[in-house]
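Got the viewer open and a selection tool ready?

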Amino acid sequence: MCDGQSIENSKYLKTLILNSEQDTKALAEQLATLPLTGSVWLAGDLGAGKTTLTRYWLQALGHTGAVKSPTYTLVEPYSIHRKDGSTKPVYHADLYRLQDPEELSFIGFDEYLDEPEALVIIEWASRADSYLPPPTLFIDMTQSVSDDNDTEARQVHLRVSKAGQAQGLDLSQLSI
Ligand code: ADP
Ligand code: MG
C-alpha cells in the first residue's frame, strides 16, 4: 500500500534536491503560495541556506525591503501588504544565540506565536524546542557533498506536523 515513493513524497512529506540558489528561490516562491500560519522550524547547519530560503520566501510573500539575518536581534518582524489589501504578519527568528529559552518570554515571543494570521519562521528552534509550541511545518536543509564540488546543491526535507495536517496543509504540489 505504501511504497518508498509514496512514503517519501506524500501530502505530508517531501524531499527535494536544490541544485542552485535559483532552485531555492523557486521553492520559496512555492512555499509562499501555501496557506501557512503558525510556525515553521527551519533546521540545518550553519551555511545550509536557512536564511537564504527565508529571504526569498519573504520576498515571494510581497516584502520589498531588506531582509536582515536576526542572529543578534533573535527576531525580525515583517508586516507584508498583500494584493487583497490585507496585511500578513511574518516573524523571522534565529535562536542560534539564545542562551536560555526564558529569553523568549522577555521579548514577547509568545505573543507573535499567538497572533491568529501570523507566520513565524524559526531557525535553530532546537535551542528552545521544549519551550515552543509544535510547528506547522518542519523544513530540514542539508548542504550536499558532491564529487564535483557543487557548493550550491542542497537537499531539503519537508514534513507537515499533526497541527499542519489539521490545517489541511498539503505539500504534493511542491516540485523543483
Ligand atoms: P544559514 O542561515 O543556514 O546559516 P545562509 O542562508 O546564511 O545559511 O547561507 C547560505 C549560503 O550559501 C549563502 O551564502 C548562499 O548564497 C549560499 N548558497 C549557495 N547555494 C545555495 C542554495 N542552493 N540555497 C541556499 N543558499 C545557497
Ligand atoms: Mg541563518
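## Stop one: a helix pair

Select helices H2 and H3: they cross in a right-handed way. This is a predicted model, so keep the confidence colouring handy. H2 covers residues 21-31 and H3 covers residues 50-61. Turn the view until you can see both axes, which lie 8 Å apart at an angle of about 50°. Angles from 65 to 115 degrees would count as roughly perpendicular and those under 35 as roughly parallel, so this pair is oblique.

Now show side chains where the two helices touch. On H2, pick Glu 21, Thr 24, Lys 25, Leu 27, Ala 28, Glu 29 and Leu 31.

## Stop two: ligand 1

Next, centre on ligand 1 and bring up the 14 residues around it. Which of them come nearest? Glu 21, Thr 24, Lys 50, Thr 52 and Glu 152 do.

Finish with a few distances to ligand oxygen atoms:

- Gly 49: a polar backbone atom is 2.9 Å from an oxygen of ligand 1.
- Thr 51: an N or O atom in its side chain sits 2.8 Å from a ligand 1 oxygen.
- Glu 123: look for a polar side-chain atom 3.2 Å from an oxygen atom of ligand 1.

Technical notes
Residues are numbered from 1 along each chain as its sequence is written. Chains are lettered from A and ligands numbered from 1 in the order in which they are written. This is a predicted model: local features need pLDDT of at least 70, side-chain atom pairs count only at pLDDT 80 or more; totals for chains, interfaces and linings use all residues. Side-chain values use heavy atoms; hydrogens and water are left out. Axes are lines fitted to C-alpha atoms, for helices over the stretch in contact, and angles run from 0 to 180 degrees between N-to-C directions. Helices (H or I, at least four residues) and strands (E, at least two) are DSSP runs, numbered from the N terminus. Angles under 35 degrees count as roughly parallel, over 145 as roughly antiparallel, 65 to 115 as roughly perpendicular and the rest as oblique. A crossing is left-handed if the near helix is turned anticlockwise from the far one by less than a right angle, and right-handed if clockwise. Contact means heavy atoms within 4.5 Å. A residue is near a molecule or strand if one of its heavy atoms lies within 4 Å of it. A polar contact is a pair of N or O atoms within 3.5 Å; within protein, one must be able to donate a hydrogen and the other to accept it, and residues adjacent in sequence count only if both atoms are side-chain atoms.
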